[in-house]
Amino acid sequence: MVDNTNLTAKVELRNYFLDNWDYEQPIRIMEAFTGQSRKIYKRAYKDKGLDVTSLDLKGGDGVIKTDNRAFIRDHANDFNFFDFDDYGAPYEQVITLFHNRTSNEPFVLVITDGVARYIGYGHPTKLVSYACRVPLKMKVWGLSSFWNEITQMIYTKITKRYNFKITKAKIITGGNTGKMYYYGFCIERDRS
Ligand SMILES: C[S@@+](CC[C@H](N)C(=O)[O-])C[C@H]1O[C@@H](n2cnc3c(N)ncnc32)[C@H](O)[C@@H]1O
């Protein structure tokens, strides 16, 4: 499932977090799914003089050729802005990031999420099953209509599990995004 249908939404989402950056540290971006045409990089990052590390399995000009799962594991503390523009849903990368991040520095995480498309036939994915306590094989018609609520449950559960909290969120969906969800969070250490 290739999703380049809503580049405008993706760029708007990134610009929102870049324009509202109010942390002390300068922005250090890990762009984990750069792609060969580097559309997001060109539209959202390139001309802003930002510190961007771009990764892709296929490599490319200015791109580190690597499996981002290993890179995230080894560099989870080296960045404060994570860009996960996968085709479907980068949950392995999300879990790897939270699992390996020991730094207390706040960070931004932006994600392209196509799971609402996958669950259109009522089958929960592993993460939905885990977060909502729905058996993996159970058919739940209409599941995709609850994607907002499900996403909130998933990230509430993950952040709590790793002692973080979400302090700001922005979700772009609907319109012509075709059940794709583009969302981002500001995430801070939960000291409560
Ligand atoms: C949706 S495309 C990215 C589009 C891109 N962000 C853009 O702005 O044009 C997904 C890309 O992620 C890469 N990719 C998929 N799995 C990966 C992994 N585990 N590590 C690194 N790159 C990966 C693919 O090679 C593909 O180029």
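How do the residues of the shell around the ligand divide into nonpolar, polar and charged? The points below start there. Note that this is a predicted model.

1. **The ligand shell by class.** The shell around the ligand divides into 5 nonpolar, 5 polar and 8 charged residues. There are 18 residues around the ligand. Those that come nearest are Phe33, Gly35, Lys39, Ile40 and Asn68.

2. **Where the shell comes from.** Helix 3 spans residues 68-75. Asn68 of helix 3 has a part in the next point too.

3. **Helix 3 against helix 4.** Helix 4 covers residues 91-100 and packs with helix 3. The angle is about 15°, and the axes are 8 Å apart. Angles under 35 degrees count as roughly parallel, so helix 3 and helix 4 are roughly parallel to each other. Their crossing is right-handed.

4. **Who meets whom in that pair.** Helix 3 brings Asn68, Arg69, Ile72 and Arg73 to the contact. Helix 4 answers with Glu92, Gln93, Thr96, Leu97 and Asn100. By class, the contact of helix 3 with helix 4 has 2 nonpolar, 4 polar and 3 charged residues.

5. **Methionine 30.** This residue lies in strand 1, which runs over residues 28-31. Is methionine 30 buried or exposed? A residue with 20 or more other C-beta atoms within 10 Å is buried. Methionine 30 has 23, so methionine 30 is buried. Leaving aside neighbours within four places in sequence, methionine 30 is in contact with Thr53, His75, Phe79, Phe82 and Asp83. Aspartate 83 is 53 residues from methionine 30 in sequence. In space, their C-alpha atoms are 6.1 Å apart.

6. **Two residues to check for phi.** Most residues other than glycine have a negative phi. Arginine 38 has a positive value, near 50°. Asparagine 163 also has a positive phi, near 60°. Arginine 38 sits in the loop between strand 1 and helix 2. Asparagine 163 is in the loop between helix 7 (147-161) and strand 6 (164-172).

7. **How exposed are those two?** Arginine 38 has 18 C-beta neighbours inside 10 Å and therefore counts as partly exposed. Asparagine 163 has 12 such neighbours. The cut-off for exposed is 12 or fewer, so asparagine 163 counts as exposed.

8. **Lysine 139.** This residue lies in the loop between helix 6 (126-132) and helix 7. Lysine 139 is exposed, because 11 other C-beta atoms lie within 10 Å. Which residues does lysine 139 touch, not counting those up to four places away in sequence? They are Gly122 and His123. Proline 124 is 15 residues from lysine 139 along the chain. Their C-alpha atoms are separated by 7.5 Å.

9. **Serine 145.** Serine 145 also has its place in the loop between helix 6 and helix 7. Serine 145 is exposed, with 12 other C-beta atoms within 10 Å. Serine 145 and alanine 116 are 29 residues apart in sequence. From C-alpha to C-alpha, the two are 8.0 Å apart in space.

Key
Residues numbered from 1 in each chain as written. Predicted model: local features only at pLDDT ≥ 70, side-chain atom pairs only at ≥ 80, totals over all residues. Axes fitted to C-alpha atoms, helices over the stretch in contact; angles between N-to-C directions. Helix = DSSP H or I, 4+ residues; strand = E, 2+ residues; numbered from the N terminus. Parallel < 35°, antiparallel > 145°, perpendicular 65-115°, else oblique. Left-handed = near helix turned anticlockwise from the far one by under 90°. Contact = placed C-beta atoms within 7 Å. Nonpolar A, V, L, I, M, F, W, Y, C, P; charged D, E, K, R; others polar. Near = placed C-beta within 6 Å.
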